[in-house]
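Hello,

Here is the structure I promised to pass on to you. Have a look at it first, and then read on for what turned up.

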Amino acid sequence: QSILNAVSMEKDVDGFHPLNIGRLAMRGREPLFIPCTPKGCIELLHRYGFDIKGKRAVVIGRSNIVGMPAALLLQREDATVSIVHSRTKNPEEITRQADIIISAVGQPNMVRGSWIKPGAVIIDVGINPVEDAKSPRGYRLVGDVCYEEACEVASAITPVPGGVGPMTIAMLLSNTLTSAKRVHNFQ
Ligand SMILES: NC(=O)C1=CN([C@@H]2O[C@H](COP(=O)(O)OP(=O)(O)OC[C@H]3O[C@@H](n4cnc5c(N)ncnc54)[C@H](OP(=O)(O)O)[C@@H]3O)[C@@H](O)[C@H]2O)C=CC1
Ligand SMILES: Nc1nc(=O)c2c([nH]1)NC[C@@H]1CN(c3ccc(C(=O)N[C@@H](CCC(=O)O)C(=O)O)cc3)C=[N+]21
């Protein structure tokens, strides 16, 4: 916490400074930076032409670095947002109401086909190593969502690997460029 407080607001490219998070949560206020992973999720929805306004969204996970800011961002985009966490009763039933699902839990294949409303759009943030003797590394990466089952029900889903992970890196570069431009009064 003291480290996060010590980061200069102008260089807070992760968007984790309490003042940036506070501004993200407030109407009529603008954070200097938006956290990279949630920003990448919203960017994916925009770039692929999915409307967020008025949609039901469920965010699974409420961490400071992904779930919580993702829920705030969806709300800023005029979605109606529910947050599912480890103490949620009936997570499956709540998730099944969503037009947009963002999952950031860290549990391989937790979200099954039966959790998904037909036609829903799924952003799978989870990066979970699972043992795989056939892979050269001895493991492979899977998301929080059972990809094969989800493909049968959802209208779109981000893969793992090759989905949100690379977007996080792209957003970090984008925030870093913005930071440098601001410091040097560029544009
Ligand atoms: N693609 C990317 O760029 C990134 C990927 N990740 C990946 O995303 C995943 C989540 O990361 P992070 O947010 O940091 O993880 P945390 O462990 O900080 O948070 C996990 C969240 O999931 C909730 N949770 C845990 N188990 C369950 C369950 N059974 N049902 C419902 N909710 C549950 C927890 O609830 P509670 O709050 O009640 O404990 C918590 O809010 C990981 O796989 C991580 O590797 C993370 C960052 C970036
Ligand atoms: N302050 C902070 N900021 C973070 O951004 C942050 C963090 N803490 N804690 C850990 C998580 C994890 N994370 C990933 C980002 C990209 C990939 C990524 O690009 N993965 C590749 C796969 C790479 C491979 O194959 O090994 C992919 O999904 O295609 C993975 C994981 C950022 N995190």
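Of the 187 residues in the protein chain, 37% are buried. Please keep in mind that this is a predicted model.

Let's start with the overall fold. The protein chain has seven helices and seven strands, and along the sequence they follow the pattern α-α-α-β-α-β-α-β-β-β-β-α-β-α. Its radius of gyration is 17 Å, close to the 16 Å that the globule rule gives for 187 residues, so the chain is as compact as a globular protein of that length. Along the principal axes, the C-alpha atoms fill a box of roughly 50 × 45 × 35 Å. If you count contacts between residues at least 6 apart in sequence, 54% of them join residues at least 24 apart.

Next, the ligand. Around ligand 1 there are 25 residues, the closest being Gly 61, Ser 63, Ser 86, Gly 106 and Thr 168. By class, this shell holds 10 nonpolar, 13 polar and two charged residues. Helix H7 (residues 164-183) gives the most to the shell, with three residues.

H7 also packs against helix H3 (residues 36-47), at an angle of about 110° and with the axes 8 Å apart. The two helices are therefore roughly perpendicular to each other. On the H3 side, the residues that meet H7 include Cys 36, Lys 39 and Leu 44, while those of H7 include Val 164, Met 167 and Thr 168. In total, eight nonpolar, four polar and two charged residues make up this contact.

Enjoy exploring it!

Best wishes

Methods
Residues are numbered from 1 along each chain as its sequence is written. Chains are lettered from A and ligands numbered from 1 in the order in which they are written. This is a predicted model: local features need pLDDT of at least 70, side-chain atom pairs count only at pLDDT 80 or more; totals for chains, interfaces and linings use all residues. A residue is near a molecule or strand if its C-beta atom, placed from the backbone, lies within 6 Å of it. Helices (H or I, at least four residues) and strands (E, at least two) are DSSP runs, numbered from the N terminus. Ala, Val, Leu, Ile, Met, Phe, Trp, Tyr, Cys and Pro count as nonpolar, Asp, Glu, Lys and Arg as charged, and the others, Gly among them, as polar. The radius of gyration is taken over C-alpha atoms; the globule rule is 2.2 Å times the number of residues to the power 0.38. A residue is buried if 20 or more other C-beta atoms lie within 10 Å of its own, exposed if 12 or fewer, and partly exposed in between; C-beta atoms are placed from the backbone. Two residues are in contact if their C-beta atoms, placed from the backbone, lie within 7 Å. Axes are lines fitted to C-alpha atoms, for helices over the stretch in contact, and angles run from 0 to 180 degrees between N-to-C directions. Angles under 35 degrees count as roughly parallel, over 145 as roughly antiparallel, 65 to 115 as roughly perpendicular and the rest as oblique.
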